[in-house]
Amino acid sequence: MVRYLVVLGILFPTFMWGQKSVRWETLANVTYSYVQNFEQNFWYGTPTFAEEVLALDGQEIIIKGYAIPGDINGDVYYLSAFPFSECFFCGGAGQESIMELRLKNKKTTFTVDQYVTLKGTLKLNDRELELNYILEDARVQ
């Protein structure tokens, strides 16, 4: 009996307060309304997130993907559902398949297409010319 209580005591906090593992298929549940920026004469998509995605806003999550450097200094990184050649920037994927990383440890570096598991706080973003998803306090799991 004591053994069962110990196991329950170890597992219960994990179930109650553990991070949610999120799949890219879930984050793909977004639709876009296209709006024109008249000042700069271009169109951009404003996202409408599905309820299951809205529920993740501000939650600590775990997600796997491919690291993509965003600058030559290694200060900016993105996480993609796809390798670089297939990602939103170069391939045919949509912007819901990539997220900005705001790394907790600024000295963390990745190589192109390094497959990583990250933990952080997911922030949904619907501002013009920014990615839909931001992973704040991101750290390697």
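## Salt bridges

The side chains of R139 and E60 form a salt bridge with an N to O distance of 2.5 Å, where a salt bridge is counted when a side-chain nitrogen of Lys or Arg lies within 4 Å of a carboxyl oxygen of Asp or Glu. This pair links distant parts of the chain, since R139 belongs to strand 8 and E60 to strand 4, 79 residues apart; strands here are DSSP runs of E with at least two residues, helices are runs of H or I with at least four residues, and both are numbered from the N terminus. R139 is partly exposed at 25% relative accessibility, and E60 is partly exposed at 29%, on a scale where buried means under 20% relative accessible area, exposed means over 50% and partly exposed lies in between (1.4 Å probe, protein chains only). The model is predicted, so local features need pLDDT of at least 70 and side-chain atom pairs count only at pLDDT 80 or more, whereas totals for chains, interfaces and linings use all residues. Residues are numbered from 1 along each chain as its sequence is written, and side-chain values use heavy atoms, with hydrogens and water left out.

By this rule the count comes to five salt bridges. One of them joins R102 and E136 at 3.3 Å, N to O, and because R102 lies in strand 6 and E136 in strand 8, the pair ties together parts that are 34 residues apart in sequence. R102 counts as partly exposed at 33% relative accessibility, as does E136 at 25%. E100, R102 and E136 are linked in a network of salt bridges. The side chains of E130 and R127 also meet in a salt bridge, at 3.3 Å, N to O, and E130 is partly exposed at 34% relative accessibility.

## Nonpolar cores

The largest nonpolar core has 24 residues, and those with the most contacts inside it are L27, M99, L101 and Y133; a nonpolar core is a set of buried Ala, Val, Leu, Ile, Met, Phe, Trp, Tyr and Cys residues joined through side-chain atoms within 4.5 Å. The elements that give two or more residues to this core are helix 2, strand 4, strand 5 (77-80), strand 6 (98-103), strand 7 (115-124) and strand 8 (133-140), with the largest share, four residues, coming from strand 7.

Leaving aside residues up to four places away in sequence, M99 touches W24, L27, I63, Y77, Y78, L79, L122, L131, Y133 and L135, contact meaning heavy atoms within 4.5 Å.

## Pockets

The largest pocket has a volume of about 260 Å³ and is lined by 18 residues, of which R23, W24, E25, K64 and A81 lie nearest its centre. A pocket is an open set of points on a 1 Å grid over the protein atoms alone, where a 1.4 Å probe fits, with protein on both sides within 12 Å along at least five of seven lines, and lining residues have an atom within 4 Å of a point. Helix 2 (24-27) and strand 4 (60-69) are the elements that give two or more residues to this lining, and the largest share, four residues, comes from strand 4.

The second largest pocket has a volume of about 150 Å³, and its lining consists of 14 residues, with Q95, R127, L129, E130 and L131 nearest its centre.

Methods
Points joined across faces, edges and corners; volume = space filled by probe spheres on them.
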